[in-house]
Amino acid sequence: RARGKEVEHFLRKAGVKEIGERDYLAAIIRVNYGHGNRPPNAESHLQHMRRFMRWYSTSRDCTLLDDVPFIRVDGSEGYHQAQSVYLDMPFAQNGLSRIYGGRVKGRNRKPLWQGYAKLKRSELLALMKAVGAEDALCVEQTRIPQDHPKWRNLFWGFGSTRTTSTETNSDFRIAELPGLVALKDPEVSKMVWKAVAATGPHCMYAHYAPNQTYEAHRELSTLALTLQNSPWIPTKDGTLRRPNAITAPELGAGLSIAGNDAWLNIIDFGADHRQRSEQHQARRHAAQIGRASCRERV
């Protein structure tokens with residue numbers, strides 16, 4: 001003991017590794033959440049979660065938990081990876097429960113286990129978001145799929161041009177958006193509106209160029225085309241309309257064009273009204289010219 005520092009120095013020099021919290025966490029994961037291991041009971045699991053949360057809150061490192069099935073969900077046994085989990089009540093007020101539970105094909109995540117309500121909420125939510133649990137409907141940037149309606153326009157003219165690391169290949173979507181729209185739920189439509197508004201007008205376009213030598217071709221994104229051609233925007237009377245068939249005064253409660261006009265115009269918001277107004281103005285102008293012509297002849 002008296003020569004503890006000398007011993008420590010010797011051991012370090014000899015290559016002995018000091019065990020830290022990260023090593024303990026790795027051991028917990030290996031023993032309790034590895035393939036083929038017996039999963040821990042609820043109380044032990046909550047103790048593990050507290051350590052995971054403390055570690056993330058101080059280190060901002062969650063890489064130990066990548067692809068690890070360490071999360072419990074409601075309505076299912078065992079432990080799950082974060083990519084199969086979503087957050088909603090009592091942890092968040094985001095409406096995600098409206099699009100899960102078999103309501104939309106392809107939306108298969110499970111709700112976070114309510115037993116986690118015993119844990120410190122802010123630290124729990126921070127960890128869940130960091131590891132990939134879904135906490136809100138969001139717009140995703142993807143590569144352009146081959147079934148994009150304007151695929152030929154985007155890729156036309158490049159022929160056998162070499163694709164390099166400077167390639168531009170960008171599209172945007174909301175996962176399973178056609179299924180979300182098919183629910184005909186105004187609250188889900190408001191979630192879609194909020195997701196697009198948070199992303200901005202750049203998500204309305206897809207771009208492609210094989211390398212930086214070429215200017216990228218641009219067409220409406222998968223997201224924009226779906227929104228443009230679907231009756232999804234809530235009105236005051238509770239119905240849903242296509243963007244071209246609604247005007248600002250008719251928008252449902254909680255929706256406003258303020259700050260959203262750029263992306264709304266791209267999907268033809270209010271186009272029918274503008275067309276009728278232009279036609280009306282054209283008829284009035286023609287009538288005025290006709291009356292003036294009659295007066296001149298008299």
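Predicted model: local features only at pLDDT ≥ 70, side-chain atom pairs only at ≥ 80, totals over all residues.
Residues are numbered from 1 along each chain as its sequence is written, and side-chain values use heavy atoms, with hydrogens and water left out.

**Entry: pockets**

I looked up the largest pocket and found a volume of about 260 Å³. Volume here is the space filled by probe spheres set on the grid points, which are joined across faces, edges and corners. The lining of this pocket has 17 residues, and P145, D147, D171, R173 and T222 lie nearest its centre. β4 (168-173), α6 and α8 are the elements that give two or more residues to this lining. I took element names from DSSP runs, numbered from the N terminus: helices are H or I with at least four residues, strands E with at least two.

I then sorted the lining by class. Ala, Val, Leu, Ile, Met, Phe, Trp, Tyr, Cys and Pro count as nonpolar, Asp, Glu, Lys and Arg as charged, and the others, Gly among them, as polar. The largest pocket shows 8 nonpolar, 4 polar and 5 charged residues.

The second largest pocket has a volume of about 210 Å³. Its lining includes Q93, N94, C138, K190 and K194. By class I noted 7 nonpolar, 3 polar and 2 charged residues.

**Entry: nonpolar cores**

I counted as a core a set of buried Ala, Val, Leu, Ile, Met, Phe, Trp, Tyr and Cys residues joined through side-chain atoms within 4.5 Å. Buried means under 20% relative accessible area, exposed over 50%, partly exposed in between (1.4 Å probe, protein chains only). The largest core holds 36 residues, of which I99, I174, V196, M204, L223, L227 and W232 touch the most other members. α6 (177-182), α7 (186-199), α8 (222-228) and α9 (261-266) each supply at least two residues of this core. The largest share, 6 residues, comes from α7.

I checked V196 for contacts (heavy atoms within 4.5 Å). Not counting residues up to four places away in sequence, V196 touches V139, I174, C203, M204, L223, L227 and W263. I also found a second, separate core of 32 residues, with F52, F70, V73 and V131 among them.

**Entry: strands**

I count two strands as paired if DSSP finds at least two bridges between them. β4 and β5 pair in the antiparallel sense over 3 bridges. S170 stands opposite H207 in β5. β5 and β6 (residues 217-220) are also antiparallel, over 4 bridges. Y208 stands opposite H217 in β6. In β5 (residues 205-209), 4 of the 5 residues are buried, so this strand is largely enclosed by the rest of the structure.

**Entry: two residues**

M128 is in helix α4 (residues 121-131). M128 has 0% relative accessibility and so counts as buried. Leaving out residues up to four places away in sequence, M128 touches M49, F70, I71, L87, L112 and A133. M128 and C62 are 66 residues apart in sequence and 9.8 Å apart in space, C-alpha to C-alpha.

D185 is in the loop between α6 and α7. Is D185 buried or exposed? At 17% relative accessibility, D185 counts as buried. Beyond its neighbours within four places in sequence, D185 is in contact with R98 and L240.

Note on methods
1 Å grid on protein atoms, 1.4 Å probe; cavity = no way out; pocket = protein on both sides within 12 Å on 5 of 7 lines; lining within 4 Å.
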